[in-house]
Structure formats: C-alpha cells, structure tokens
Amino acid sequence: MTLKTTLSLLLLSSTFGTAIAQNNNQAKAEALLKKMTIEEKVGQMAQITLDVVGKGKGRYESDEPFGLDEKELQRVLVKYHVGSILNTSNNRARTPQVWYNIISKIQNVATKQTPNKIPVIYGVDEIHGATYTVGATMFPQQIGQAATFNRSLVKNGASITAYETRASSIPWNFAPLLDVGSDPRFPRQWESFGEDPYLIKELGVAAVKGYEGEDGKVSHPEKVASSIKHFLGYQVSVSGKDRTPAFISDQALREYHLPPFKAAIDAGAKTIMINSGIINGVPVHANYHILTELLKEELNFKGLVVTDWGDIENLYKRDRIAKDDKEAIMLAINAGIDMSMIAYNYETFCDNLLALVKEGKVKESRIDDAVRRILWVKYELNLFEKPTTNPKDYPKFGSKEFENAAYQTAAESITLLKNTDQILPLAKGTKILVAGPNANSMRTLNGAWTYSWQGEKVEEFAAKYNTILKALQNKAGKENVTYFPGVSYKMDGKYYEDYADKMDETIAAAKDADLIVLCLGENSYTESPGNMNDLYLSDLQTELAQKLAATGKKVILVLNEGRPRVISKFEKKMSAVVQTYLPGNFGGDALADVLYGVVNPSGKLPYTYPQFPNALFTYYHKPSENKGTTEGVYNYDADYNPQYVFGAGLSYTTFKYDQLKLSSNTLKKGEMLTVTVNVSNTGKVAGKESVLLFTSDLYATLITPDVKRLRGFEKIDLKAGETKTVTFKIQPEDLAFINTESKAITEEGEFTLQIADQKINFNYIP
C-alpha cells in the first residue's frame, strides 16, 4: 500500500467517523428537545452580553474588578433559560484565569441549577488572535493575512487562535469574516481577505479548518466553533458606510458574494452570522429568501444562524419595517434566525417570542428548528460533558512558538509597492529620520478588535512589543535613528482626528538624515465609528509628506492602514512605498527586517489600490470600464487607473516566468486541464513568490464578462538561481459565470489563461 493510499484511507475514515459523531449529536439534540418546555426553548435562542450579569450600576457597565451578579445570573439562566453569553465586560481584555473563573461560575449555574442542565455557549470576536485575552498572540488582521497568499499560514494562525481562545475557556469564535472587501471606503475592509472571491474562498476554508480542525471535531479542547460572517453582501453598501443599504442583483450576489460562504459551509463551518445591512430595500435579518431558501435549503446549512449585535431590535428602531419589538422578533425568527444577539434586554425578546408562539404567529416547529441547531452545536463542542476548559491545560499559550508564527505571517504580508533605484534594502549605518503618526504606536499596528472593540486600549496591554520606531532602533542602533512625529493622532478623539506635532522640528531634522522613513496611515477603528467622508489621506499627513519630500532627502513611505487611503498627491515624490496593512504585535519587527533585507518581501496586494477617490475599481472590472477612444466625433473612453493593481508586490530579487503549457488546447466537459509554468529566481537572493493564475472569458451570453478572474494561486520559495515548475488544475466549473437566470454556467468558447506575463488561449467544448 502506498503512502498516498494510506493517507486517503485515513482521511476517509476520519470523515466517516466525524459524520457518525455528528449524527449521534443530532440524535442527542433531538432527544433533549423533546424534554424541553417552550420557555426553555425560547431562552436557548437568546444571547446576552457579559455586562448584563456583572455587578455594577446597571446592564451597560460593570464594576472593576469584574464580578458576577449572582442574583441576575439566576434570573438570566434559571428563570429565562438564556442559552448564550458573549463579549467581554467593560470592553476590556481579561487574563485566561479571569476568563476561567467567570465562565466556570456561569456554567456551574447553567449545568446544575436549570431543569435540563443545558450549558451556555460562550462566544467572542477573536479575529486576529484571541483578541480579548491578555497575553494572547496577535496576528496580522485578515487583510494582511490575505496579502501572504499563503493558505498554510492562515490555517496555522487560526489554529493557534483556537488554542488560545479555548485556553480562555471560550469555545465559540465569531470569525472568519468572508465578506467581499471590494470597497476601500468601507470601515471593515481590513477585516476581510480582500476583494477577490476566489482568494476569500480559499483562505476562508483554511481559516475554518484551522479553527475547527481538519476533521471538524470541535469537541477537541484545542478547537472552537467558527462563525462565518456576515451572510451576505455586507461590505458593498452604496454609501460605503457601515450598515447602510446595498443594491445587489441576484446574479452579482451569486457571482461574487456567495462562493466563499458556500465553500466554508461545505468545509463544515458550524455557525454563521448575518449581515446587519439592507439589500434591495429588505433588511437581511428579515429576509426569508436569503436566510431560509438560500442558506438553509439550497446550501443545506445545518448549523446555527446568529444575528449581529442588536439587529432584531434594528428592524423596529432603525429600519422601521416593524411597528414594535414584538413584530421585529416575529419577522426575524420566521425569516430563519436561530439565535438573537440581543445584547441587553433579553426579557423583551423572550417574553415577546413566547407570546408569538402562543398566538400562533411563530410556529413551534420554527422554534424547534432553531433550538435543534443550537443544541447540536453545544453537543458538537462537548459542552455537556466539559462546559469549561482550564488554562493550566494550555502550556503553549503566548509561547515563543506562537509568537514566531505571528511574526512569520507579518513578514510575509508586508508588500513592497515601489522601490526606485533599489533604495531598499537599507544599508547598515544609514542615518534615518523616522516620522509620522504611525511610527511609535502599537495601537495602529494592531487596529481594532485588539484588547478592546476599537483598539483604544492596545497601548495598555502591548507595551512589551516593538513599535516601528523601537524595532528600527533595535535593528539600526539608536545612534542612527532620529524621531519626530510631525503629525500625531488625538488618541482620545475620533480615529481620523490628528494634529501637527513638532512638524517644523521634523522638517528641520531631515537635514541631518541620509533618508526618511515616513510612517503614515490610519488610527484604529471598526464598524460605524470607522465610517469616512474622504478617501484621501488626511490633510496634515499629506502636508508632512510633501514637506519632507521637498527637503530633497529620499523618503521611504511606510503605510500602516486598514484600507487603501489615497496618496496620489505625493506618491510620485516617494522613493519607496511599503504597505504593512495592520500587521499585529510583531509588525514593527517584521517591517524592520524587511527594510534592512533580513526578510525579502513577498506580500501582494489583495485589493486594488485606488489613485483617486472617484476612481474605484476591482481588478475584475468590466471591459467598458477600460477602453480606448471610439471612432467618430464622440469620445467614450474609460480610464482604469489604479495606483497599484491587485496582486502587485515587489521583491529584492527578480523572477522570470516561462514555459507556460497546457495539457490540451481544448477542455471538455467532465475533464480537467493541467497547467504548468516555470518560475525562476534570476536574482542574487532567495525569495518567495505568489504565483497567480487568471482566466478571461472572451465572450459570454448577455452577461458581460469580467476582464479576468483569479482561478488559482500557489506560494513558492526559490533560492537564487533556482527554477520550479508550478502546476494548476482547471475544471469546467472553475470557468463558470452566473447567467441571467442566476445559474452557474460554463459556455462553449475561447478563454485566455494568464500567469504573470505569460498568456495562452484554449477552448471549452461542453
């Protein structure tokens, strides 16, 4: 028996074993469901935030140090049978031991004092590490992870996050985010894997496997239930602002937004969170077609469907499609919601839902469907037998091994976008001036969802890590580094507020430096507080860049931002441009190593970087968005003019692509096309390269085809002078598009396949 055959049999055995275990858990959930009263069922569908059961002045804040209000906990769990608690208290990270103490007390009440002893399922947003745990390992945010184009790094990061989340006694993670991050105006683009559906799909599956395990057995004490979010079409609002209306055709919804979610569901994702916005006038939380017909029936999703924060209330208070809370609850539950992230006023939800069932406005069969899913996830997590996990059982928490993984991901994410006259890497002994509001801040390196919601508490918890300035001082020697901010953020203000901070001194200091490392970007933000009105980088940062460039010294622009802020007013004056995204606690160290050549940069842009605020495109735009002048008197030319294209990213070495070959010039239905290309490192240093395969459908019926689409990628490591052959497989369904009838179809005709500067055509014959 060959090794390949043995591995295949082991995988088949594991898959079969997982299916049996899931069926057993479904049977257990069904048996328990039959024992429950309607009051218990309704309570299981309620989720509250931790502050509700904390000692303090009221539900919206707790005392410090945090302590549970035993009386309120009894009311929540014993009287109202609430099934889930989320979030941290007072918007603050806690140590693993504190988490263990809190959740153990909660589970003690739930499993010993309630009629059917049903454990609580506790959930937290752990989106780039165990973000609400002190001492946990912080990875780059998802947009930086996407820039690595490295599935294994993403999977390993998710696995480490799962381990450290379980070390915090928490079994449920509201991640990964699978929204198509195609709009740079949107305040959560940095939480996405970028603009491309295929890239999001591949990295989304890697993340789900990392969180839940390759076999999907989340009962393992080092794995968590993932919650893929936000279903569906969340990040493409017309205004570019959070939770505002979007208009998306069914064709576009299925072409771009659905594939990552479908792949994650097929990969076994246990739960899913719903889009807080509005599509085509209908709030998604009340959309029966999306939640039930598409998600539960067509995609056959068997897991738990949870709302986002307060979104059932929003149907009444914000969206005004319900006259009161009761009607809002009726609309959402009937549409297909299983659990309401109520946050605070659980009585309103539970009492009204109970009344709706008794009035026949919500069928008990709909309640049973919801609770069956909730119980199944709890059984999958083994919460009935082990409702908590103890931090003493997690010796790798915050370990050097985990820190090295976070550093490696940051190092591979950093993207070199411009390097005039090979100014980088820097020579040792170079006198540098470090400036800019992002130069000496751990908060900006991490972004939001780090120790607190908006990231404003990062400095309190991340003091032991190195900012960009400190990392450069360590690398170059303090005697070679001068620092003036020039511009600083108002850390107690809104994310976009900044002020001139020793700007004149900063400009004057340039005369004594060989070159300038200018660190610009954004302060931390997420969700509605991160909405923007101007895509240009701030006026003060622009002024600082222009004045430093005017000194005649070469400027290396380091971008530390959640979304691509427009820099065209000064980009041409920059000698080099390096994009770090939001690289996490080890981003400063990784950047210093890139700037000094210890690390050869290998990141590639996972989005299109716009040159102007009114020139926003994705790389897969339509042909009409980029065409030349037409014949005759009228000029209808269209200008595709990004600052940097999707997939852009330079290296300190050079790569040559050649020998692009196909196994056949014709692809037939049911067959597979093998694509090979040689990639050579023609430079003098080793380097990593992400090999991207695109296809173009030259003509399509009625639906105008995208100019090209990503269909494959592989990251390789090449020594100087080394050549490797990279192989891809293309199937007819990989070339499909969604037609006017909302069906996936691969049409007969000619296609172009492109890898770097290599192109070749082939035909598809059904």
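This is a predicted model: local features need pLDDT of at least 70, side-chain atom pairs count only at pLDDT 80 or more; totals for chains, interfaces and linings use all residues.
View 1. A cavity here is a set of grid points where a 1.4 Å probe fits but cannot get out. Look for Asp 697, Pro 705, Asp 706, Arg 711 and Phe 737, which lie nearest the centre of the largest cavity among its 19 lining residues. Helix α8 (250–266) and the strands β22 (687–697) and β23 (709–718) each supply at least two residues of this lining. By class, eight of the lining residues are nonpolar, four are polar and seven are charged.

**View 2. The largest pocket, with α8 in its lining.** Here we turn to a space of about 760 Å³. Its lining is made of 31 residues, and those nearest the centre are Lys 201, Pro 259, Arg 711, Glu 733 and Asp 734. Which element gives the largest share of the pocket lining? That is α8, with seven residues. At least two residues each come from α7 (197–212), α8, β23, β24 (723–730) and β25 (737–738). The lining of the largest pocket holds 13 nonpolar, four polar and 14 charged residues.

**View 3. The second largest pocket.** This pocket contains about 560 Å³ of space. It is lined by 21 residues, with Ser 182, Val 236, Tyr 256, Thr 618 and Tyr 620 closest to the centre. Sorted by class, the lining of the second largest pocket has eleven nonpolar, five polar and five charged residues.

**View 4. Helices α7 and α8 side by side.** The axes of α7 and α8 are 8 Å apart and meet at an angle of about 20°. Angles under 35 degrees count as roughly parallel, so that is how α7 and α8 are described. The crossing of α7 with α8 is right-handed. On the α7 side, the contact is made by Pro 197, Ile 200, Lys 201, Val 205 and Val 208, and on the α8 side by Tyr 256, Pro 259, Pro 260, Ala 263 and Ala 264. Nine of these contact residues are nonpolar, none is polar and one is charged. Two of the residues shown, Lys 201 and Pro 259, are also among those nearest the centre of the largest pocket.

**View 5. Helix α6 against helix α14.** Helix α6 (residues 151–166) packs with helix α14 (residues 400–413) at an angle of about 145°, and their axes are 10 Å apart. Their crossing is left-handed. From α6, the contact takes in Leu 153, Asn 156, Ile 160, Tyr 163 and Glu 164; from α14 come Phe 402, Ala 405, Gln 408, Thr 409 and Glu 412. The contact of α6 with α14 divides into five nonpolar, three polar and two charged residues.

View 6. Most residues other than glycine have a negative phi, and most peptide bonds are trans. Where are the cis bonds in this view? Another joins Phe 231 to Leu 232, with omega near 25°; Leu 232 lies in the loop between β5 and α8.

Definitions and conventions
Residues are numbered from 1 along each chain as its sequence is written. Side-chain values use heavy atoms; hydrogens and water are left out. On a 1 Å grid over the protein atoms alone, a cavity is a set of points where a 1.4 Å probe fits but cannot get out, and a pocket is an open set with protein on both sides within 12 Å along at least five of seven lines; lining residues have an atom within 4 Å of a point. Helices (H or I, at least four residues) and strands (E, at least two) are DSSP runs, numbered from the N terminus. Ala, Val, Leu, Ile, Met, Phe, Trp, Tyr, Cys and Pro count as nonpolar, Asp, Glu, Lys and Arg as charged, and the others, Gly among them, as polar. Grid points are joined across faces, edges and corners, and a volume is the space filled by probe spheres set on the points. Axes are lines fitted to C-alpha atoms, for helices over the stretch in contact, and angles run from 0 to 180 degrees between N-to-C directions. A crossing is left-handed if the near helix is turned anticlockwise from the far one by less than a right angle, and right-handed if clockwise. Contact means heavy atoms within 4.5 Å. Angles under 35 degrees count as roughly parallel, over 145 as roughly antiparallel, 65 to 115 as roughly perpendicular and the rest as oblique.
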